[in-house]
Amino acid sequence: MKAVVNSYTNSHGEWGTWAPCAQCSNSCGRGRKRRERTCNAGSICGGINIETDSCNKNACPVDGNWGTWSIFGPCSVTCGEGVQERTRSCNDPAPSLNGKPCDGEDTNSISCNRAECPALTATLPGGVHPYQNGAFIGYPIKLLDTPAYSKGIFTVPPGMGGVYSVSVSMMSGTVTAHATLRKNEAILVWLFTNKEYDMASQTINIQLVEGDEIWVQMTNQASSLFDVYNTFSAVRIR
């Protein structure tokens, strides 16, 4: 024990026993503890009446604290609306010795808007429209237009390859109809009706690269299509 108080200098009295040490001044980390003794009443004792010593040398729990945010990452999409994310770590300091973890989220995001994705929705006008075998269907009414669509053919623009959702719907007119969705001449979807004014439709997701062409083409003689129920649409989804 280290002496810190020397209250008496003469030795005419006698010291009592030391009292038990008091609690440490800190519950963790470095603290101090002390004990005392008393000189006999009415006497003067030589020496010290208080001793102190270090205690609780075990380290205290360390609560976590967030480090700085990273910069936002790239946009999640190359066209359309996406998100940018940033992260942070609970390391300034990291929690230890049963300390509390950081409160809050380790990620944060903001929206990012790229150029509009290539997209079209086109349809036929009202009435019955006859088509010969092999004819391209050039839907003249473009509800959602893009320069990539011309005369019934959608061509993937430069830098806009990706996965596209492509839909075709067909309603036959006065006779049955057979039509195909094609990609660079290859048939992807075959639509047909069994009677007049019957309807068929199909939606597929396909991978397209720059320069790929897709269109709808009649595949039987003397077909006819009826009204605005005949549509062709394509939009990049990722």
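A: The model is predicted. Start with Ser169, which lies in strand β11, residues 162–171. Its relative accessibility is 10%. The cut-off for buried is under 20%, so Ser169 counts as buried.

Now the polar contacts of Ser169. Its side chain reaches the backbone oxygen of Tyr229 at 2.9 Å. A second polar contact, at 2.5 Å, links the side chain of Ser169 to that of Thr231. Set aside the neighbours within four places in sequence, and Ser169 touches Met199, Ala200, Ser201, Tyr229, Asn230 and Thr231.

Next, strand β15, residues 213–218. Five of its six residues are buried, so the rest of the structure largely encloses β15. Strand β10, residues 153–155, runs antiparallel to β15 and is joined to it by three bridges. Strand β12, residues 178–183, also pairs with β15 in the antiparallel sense, over five bridges. Trp215 of β15 stands opposite Ile153. Trp215 also stands opposite Arg182.

Last, strand β3, residues 50–55. This strand is mostly covered, with five of its six residues buried. Strand β2, residues 31–36, pairs with β3 over six bridges in the antiparallel sense. Within that strand β3, Thr52 is the bridge partner of Arg34.

Key: Residues are numbered from 1 along each chain as its sequence is written. This is a predicted model: local features need pLDDT of at least 70, side-chain atom pairs count only at pLDDT 80 or more; totals for chains, interfaces and linings use all residues. Side-chain values use heavy atoms; hydrogens and water are left out. Buried means under 20% relative accessible area, exposed over 50%, partly exposed in between (1.4 Å probe, protein chains only). Helices (H or I, at least four residues) and strands (E, at least two) are DSSP runs, numbered from the N terminus. Two strands pair if DSSP finds at least two bridges between them. A polar contact is a pair of N or O atoms within 3.5 Å; within protein, one must be able to donate a hydrogen and the other to accept it, and residues adjacent in sequence count only if both atoms are side-chain atoms. Contact means heavy atoms within 4.5 Å.
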